[in-house]
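Trainee: Could you show me how to read a few features of a structure, taking the general idea before the case itself?

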Amino acid sequence: MFALFATNQYRVLIGGIFPLWALFLIICTLLSCIVLWLSNNHSPPKWHPFFAFLGFIVAVIWIYSIANEVVNILQLFGVVFQISNAILGLTLLAWGNSIGDFIADTALARKGYPRIGISACFGGPLFNLLLGVGIPFTIGCIKNGGSMALDFNFHLIVLTGGLLLSLLSTYIIAPFVLKFFMRRWFGIYLIIVYVSFLLLAILTEVNVIKVDVSKW
């Protein structure tokens, strides 16, 4: 029931008559009665591990709901202060999404586990990039008949170029130059790359830098 209300599917009607939430209510009530009847206070039931997976699904739905509210709040700030969604995504949303990893990875590195921190630095964004972009685009392509049109502009080139520059430079410098021993200058270099990318992306978004890519 929580999943239906969290994903705004409670208004769906089966066959245009019977509400979906009523069907789920009946099924969940029956399952609850079965679990109550076949369980006792002395030993866990055979299906006890299933509740762990159910808890994981509920946690994902909670994250989905909270993320939607955060995006709505950011869009409200964008409307009030006349800030575009791209700048909000590059700044507030990106920083809020990464602050947890930043604190956790820094703590791991200071406790003597730098490899775990570095792996998490790349593993978390890789997960977000592949699944966070792949799943929505897959759903969008299914809804739109198999394809989605993207607005090809210079801002998109800046975003893609900044990502490629950081990844390729790390791929070259870390194994071949530093031999997987990270140095302070490499961290400063990455900070400079990020600040430069952020400034260029913001200047492109506010049309300070204009490049016509329609003829490319």
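Trainee: How far is the sulfur of Cys28 from the closest cysteine sulfur, and in which residue is that sulfur?

Mentor: A disulfide is a pair of cysteine sulfur atoms within 2.5 Å. Here the closest cysteine sulfur to that of Cys28 lies 11 Å away, in Cys33, which is too far for a bond, and a search of the whole structure finds zero disulfides. This is a predicted model, in which local features need pLDDT of at least 70 and side-chain atom pairs count only at pLDDT 80 or more, while totals for chains, interfaces and linings use all residues. Residues are numbered from 1 along each chain as its sequence is written, and side-chain values use heavy atoms, with hydrogens and water left out.

Trainee: Is Cys28 buried, partly exposed or exposed?

Mentor: Buried means under 20% relative accessible area, exposed means over 50%, and partly exposed is in between, with a 1.4 Å probe and protein chains only. Cys28 is partly exposed at 30%, and Cys33 is partly exposed at 45%.

Trainee: At roughly what angle do the axes of helix H4 and helix H5 cross?

Mentor: Helices are DSSP runs (H or I, at least four residues) numbered from the N terminus, and axes are lines fitted to C-alpha atoms over the stretch in contact, with angles from 0 to 180 degrees between N-to-C directions. The axes of H4 (residues 85-110) and H5 (residues 114-143) come within 7 Å and cross at roughly 160°. Angles over 145 degrees count as roughly antiparallel, and H4 and H5 are therefore roughly antiparallel to each other.

Trainee: Which residues of H4 meet H5?

Mentor: Taking contact as heavy atoms within 4.5 Å, Asn97, Asp105, Leu108 and Ala109 in H4 meet residues of H5 including Pro114 and Asn128.

Key. Helix = DSSP H or I, 4+ residues; strand = E, 2+ residues; numbered from the N terminus. Parallel < 35°, antiparallel > 145°, perpendicular 65-115°, else oblique.
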